[in-house]
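Subject: Structure handover

Hello,

Here is the structure I promised to pass on. Please open it alongside this note.

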Amino acid sequence: MPGLAAEQDAFSLVRRVARALNRRVTDVVALLFNHRTAGSLGAVAGFAIAVVFAWKFLRPSPGRRPRRPAPKRPPATAAGAPDSSVSDAAEPAGDSGKVTTRQIVAKRLSGCRKVTCQLLGVVFEEKTPEELQKHATVRPSVVELLLEMSRYCDIYLMETVLDDKSEENALMALETAGLFRTGGLMKEKVLFCSTEVGRTSFVRQLEADFHIDTSLDIVSQLSRFIRCQLFISSMEGGQLAANVFNSPSLEQFFS
């Protein structure tokens with residue numbers, strides 16, 4: 001048997017070591033004592049050393065305790081990247097209003113991460129380019145909603161304008177309402193064009209997942225290219241495409 005053979009080899013090794021030690025010790029003792037006692041003393045010392053060596057060599061090694069597996073850490077999130085698990089998760093009690101809004105935004109957008117939104121009739125009280133030439137007023141009910149949307153997705157605001165004054169009025173109104181204060185919405189993401197065709201081109205070039213508009217023509221043209229759309233109108237949109245929602249206002253859709 002392999003175990004018996006290994007044990008016999010070990011004993012044989014011990015005996016050879018004992019004989020070698022016996023000779024060494026005998027030589028040393030012979031120098032210290034006479035030749036009569038050297039042999040006996042060397043034998044005794046060699047035997048003692050052999051016993052100690054055999055005990056150390058053949059004694060079983062103590063068992064080792066199994067190691068406990070290290071606790072797993074959750075994977076880190078890349079810096080600067082939107083974290084959907086955090087955005088959609090519930091927060092501690094006492095901030096229930098924002099939790100509800102965040103959950104509704106995530107549910108309504110259905111995973112869409114790039115949103116384009118018209119200003120007139122959606123964000124502004126004004127509904128025509130002519131009114132925008134004179135003034136612009138942000139609807140108070142959409143401010144917190146837009147800020148929450150900007151935390152969840154990449155959002156661009158856009159409008160068809162008649163002149164530079166209209167652009168200035170629009171940007172000033174957005175800034176005064178505090179929509180640029182968090183960094184989610186930026187002036188660089190507010191786009192202007194001179195025709196509705198230009199607004200349609202903006203949406204397609206940005207490759208938006210979700211578009212919000214008051215123009216039925218634009219919504220109809222984009223329905224083949226955009227994953228989801230929201231048509232803002234107090235009247236029914238008629239036979240809208242399956243991927244187009246209809247609501248009287250932005251805040252009612254996200255309520």
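First, the ground rules. This is a predicted model: local features need pLDDT of at least 70, side-chain atom pairs count only at pLDDT 80 or more, and totals for chains, interfaces and linings use all residues. Numbering starts from 1 along each chain as its sequence is written, and side-chain values use heavy atoms, with hydrogens and water left out.

**Overall**

The chain has 10 helices and 6 strands. Both are DSSP runs numbered from the N terminus: helices are H or I with at least four residues, strands are E with at least two. Of the 255 residues, 37% are buried. Buried means under 20% relative accessible area, exposed means over 50%, and partly exposed lies in between (1.4 Å probe, protein chains only). Take the contacts with a separation of 6 or more: 56% of them join residues 24 or more positions apart. A contact is heavy atoms within 4.5 Å.

**The sheet**

The 6 strands form an open sheet in the order E3-E2-E1-E4-E5-E6, with parallel pairing. Two strands pair if DSSP finds at least two bridges between them. Strand E3 (190-193) and E6 are the edges; each has a single partner strand, so one side of each lacks a neighbour in the sheet. From one strand to the next, the twist averages 20°. Axes are lines fitted to C-alpha atoms, for helices over the stretch in contact, and angles run from 0 to 180 degrees between N-to-C directions.

Helix H8 (residues 196-206) packs on this sheet. Helix H8 touches E1 (114-118), E2 (154-160), E3 and E4, and its direction makes about 165° with that of E2. Strand E5 (residues 228-232) runs parallel to E6, joined by 4 bridges. Phe231 stands opposite Asn246 in E6.

**The cores**

The largest nonpolar core has 41 residues. Such a core is a set of buried Ala, Val, Leu, Ile, Met, Phe, Trp, Tyr and Cys residues joined through side-chain atoms within 4.5 Å. Val123, Phe124, Leu174 and Ile212 have the most contacts inside it. Helix H6 (residues 140-152) gives the largest share, 7 residues. Another core, of 9 residues, lies apart; Tyr156, Met158, Leu191 and Leu222 are among them.

Look at Ile212. Beyond its neighbours within four places in sequence, its contacts include Val115, Met149, Leu230 and Leu250.

**The rings**

There are 4 aromatic pairs. Rings of Phe, Tyr and Trp (its six-membered ring) pair if their centres lie within 6.5 Å; planes under 30 degrees apart are stacked, over 60 edge-to-face, and the rest tilted. Phe210 and Phe245 are stacked, 6.5 Å centre to centre with 15° between the planes. Phe210 is in strand E4 (residues 210-213) and Phe245 in E6 (residues 244-247), so this pair ties together parts 35 residues apart in sequence. Phe210 is buried at 0% relative accessible area; Phe245 is partly exposed at 31%. Phe245 also pairs with Phe253: tilted, 5.5 Å centre to centre, 45° between the planes. Ring pairs link Phe210, Phe245, Phe253 and Phe254 into a cluster.

Two charges sit over rings. The charged end of Arg108 is over Phe253, 4.4 Å from the ring centre. That of Arg204 is over Phe225, at 3.7 Å. The test is NZ of Lys or CZ of Arg within 6 Å of the ring centre and within 35 degrees of the ring normal.

Best wishes
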